[in-house]
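Thanks, everyone. Let me put the model up, and then we'll walk through it.

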Amino acid sequence: MSDRPALRLRGASIGYGDVAIVRGVDLTVHRGETVAVLGSNGSGKTTLARGLLGLATVLDGEVEVLGAPVGRLRERGRIGYVPQRHTVSGAVPATVREVVGVGRLARLGLFRRLRPADRTAVADAVAAVGLGDRMNDPVASLSGGQQRRVLVARALAAEPELLIMDEPTAGVDAANQDALAAVLAGVTASGTTLVVVTHETAPLAGVLSRAVVVDHGRIGYDGPLAGSELPVGGGHHHPGEPGRPPAPGYRLDQPRVTPEGGR
Amino acid sequence: MEVLEFGFMQRALLASLMVGLVAPAVGVFLVQRRLSLLGDGLGHVALTGVAVGVLTSTAPVGAALVAAVLGAVLIELVRARGRTSGDVALAVLFYGGIAGGVVLLSLAPRGRATNLEAYLFGAITTTSAADLAVFAVITVLVLGVVWLLGQRLYAVSDDEEYARAVGLPVLALNVVLAALVASTVVLSMRVVGLLLISALMIVPSAIAQQVGRSFRQTLYLACAIGLVVSVAGTTTSYYAGTPSGGTIVLLAIALFLLVTAGVALREATARRRHRRRAEVHAAHPHEHGEGCGHPAVPHGDHVDYDHDGHLHAPHRTGAGVHYDEHGEHVAPPARQGSRP
């Protein structure tokens, strides 16, 4: 079981309804790898990640997560997910402890309550993101950056084998980005597979080792992050304009098609 | 207590006690899910059930329960399947429910015709011993499920997408919540009436969430508030000769206004006190953050922003963010600028 790759996509098309946004993608990520999924807005990188989480539909091909087809994965509690959402936004107040505690629930089946070991994991996750002294504070009283860290802690509380993050550094100040990088370094050191969807690699450059560039729903580059030198994040990349200089290792093994747009 | 001398009032108070406790216990989850009006809609659907019960001479309470639970499950399936037309589908179901109820009730033979108003606005004093038994079962059932599944229901209500990603049975939990709402609707029918049910689910929660710090605290507080206004409203209606449902809801809304005013007053006082102690940069035109053009400067346990030589410390409150002046910023950064 554990020798199977963390992720394996074969000819995978992913989208919403019957519209494919990611098309014919082959990708294998082994356990313990740290991967940046890069791409400009509308490239399909978020859809790719959502397909791994069962939040977007696999329309064609195969998507295997932690050794099982994504739709049939029983133990989803082994996945940690940090959504793109900037803040925690419930109408009813909730403490940091309560929000992070949710990250633990999926591991417990339908009826079991949090046990002492789970409470310890929750406390550890909150401490890891530097909010140990805010455990019992309402989340709404925290700053935007701190609320993002609460969502990271929620994912960490699951002690995930696979951690998927969507734009964790967007809109986060430098100090908080450094704090996040330190947290992720600790998590990946224990063998967790990390997939970070982002448009900027600089803040987490020390943590991520491999880059997968999604371009118009296909993988345009797959290789080491350090050598990729891709103009991702900055610059003006116009969708539909194939003007991006290929980086070392860049391969374009799929015929380029005109995109329909989408996410 | 004179009010307790009559059997019908004893039953009325028992019923209002159960309703007051149960309705907010379910309502808090609806507020969290931003589905505050689901109870209202299921009340409409329950009316069709009542009418069917009257027409077929079966117990209206039982028939209403079946109709409301079916409606609730249907709503969740519609929500889960269609994304765009879900809103309209709900509206059709809700109004179909009340229209069907009105028409079916009008078809009832004269001798069996039931007072529509009693169902729409409540008729607590007509509560029978058999009704009480049904209510007690519903109360135990609903509170039991909330106790058992409360954490999961919170998880799904708080962030449905996350819950789905990590494999919680989102649809099943939503159906359970909808069924709980349906049961509560039927329980509340006699006390506050189908048109006012939502108020008793939502208003106590709206009061509690202004005071509570945690979800659990808010839930307990909402139940306590619901219980008090429900029993107090029923007692008041006895002495004032007013309908119980309206009296309970008006009482709850009065408390809501009172608490809202109290919280606003407390915040204003805290703000004034804060302004006296710390210098606040009033009417700050933009929010400091990454790429705002003002360098971030670590300052003790937080990050300030150098705004034309002044250190601005973000201070988040319920009303948003403002900036406290944390002194002059002298290069090289950090290690200076005493806190006012």
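Which residue in β7(A) is the bridge partner of Tyr81(A)? The answer is Ile164(A). Before going on, the ground rules. This is a predicted model, where local features need pLDDT of at least 70, side-chain atom pairs count only at pLDDT 80 or more, and totals for chains, interfaces and linings use all residues. Residues are numbered from 1 along each chain as its sequence is written, chains are lettered from A and ligands numbered from 1 in the order in which they are written, and side-chain values use heavy atoms, with hydrogens and water left out.

Chain A, then. It has five helices and ten strands. Those are DSSP runs numbered from the N terminus: helices are H or I with at least four residues, strands are E with at least two. Of its 263 residues, 55% count as buried. Buried means under 20% relative accessible area, with exposed over 50% and partly exposed in between, using a 1.4 Å probe and protein chains only.

Now the sheet. It is open, has six strands and mixed pairing, and the order in chain A is β6-β7-β8-β3-β9-β10. Two strands pair if DSSP finds at least two bridges between them. The edges are β6 (79–82) and β10 (218–224) of chain A; each has a single partner strand, so one side of each is left without a neighbour in the sheet. On average, neighbouring strands are turned by 15° against each other, direction ignored.

Back to our pair. β6(A) and β7(A), residues 162–166, run parallel and are joined by four bridges. Ile79(A) has Leu162(A) as its bridge partner in β7(A). On to β8(A): five bridges join β7(A) to it, again parallel. Here Ile164(A) has Val195(A) as its bridge partner.

How many of the five residues of β7(A) are buried? Five of the five, so the strand is largely enclosed by the rest of the structure. Leu162(A), Ile164(A) and Asp166(A) point one way, Leu163(A) and Met165(A) the other.

What packs on this sheet? Helix α4 of chain A, residues 144–157, touches β6 and β7 of chain A, and its direction makes about 175° with that of β6(A). Helix α5 of chain A, residues 174–189, touches β3 (34–38), β7 and β8 (193–197) of chain A, at about 160° to β7(A). Axes are lines fitted to C-alpha atoms, for helices over the stretch in contact, and angles run from 0 to 180 degrees between N-to-C directions. Contact means heavy atoms within 4.5 Å.

Next, the interface. Chain B gives 34 residues to the contact and chain A gives 43 residues. Together they bury about 3,300 Å², 54% of it on carbon and sulfur atoms. That is the accessible area (1.4 Å probe) that two parts lose on being put together, summed over both. The rule finds three salt bridges across it; a salt bridge is a side-chain nitrogen of Lys or Arg within 4 Å of a carboxyl oxygen of Asp or Glu. In one salt bridge, Asp159(B) meets Arg154(A) at 3.1 Å, N to O.

Last stop, chain B. β2(B), residues 296–299, pairs with β3(B), residues 302–307, in the antiparallel sense over four bridges. Ala296(B) has Tyr305(B) as its bridge partner in β3(B).
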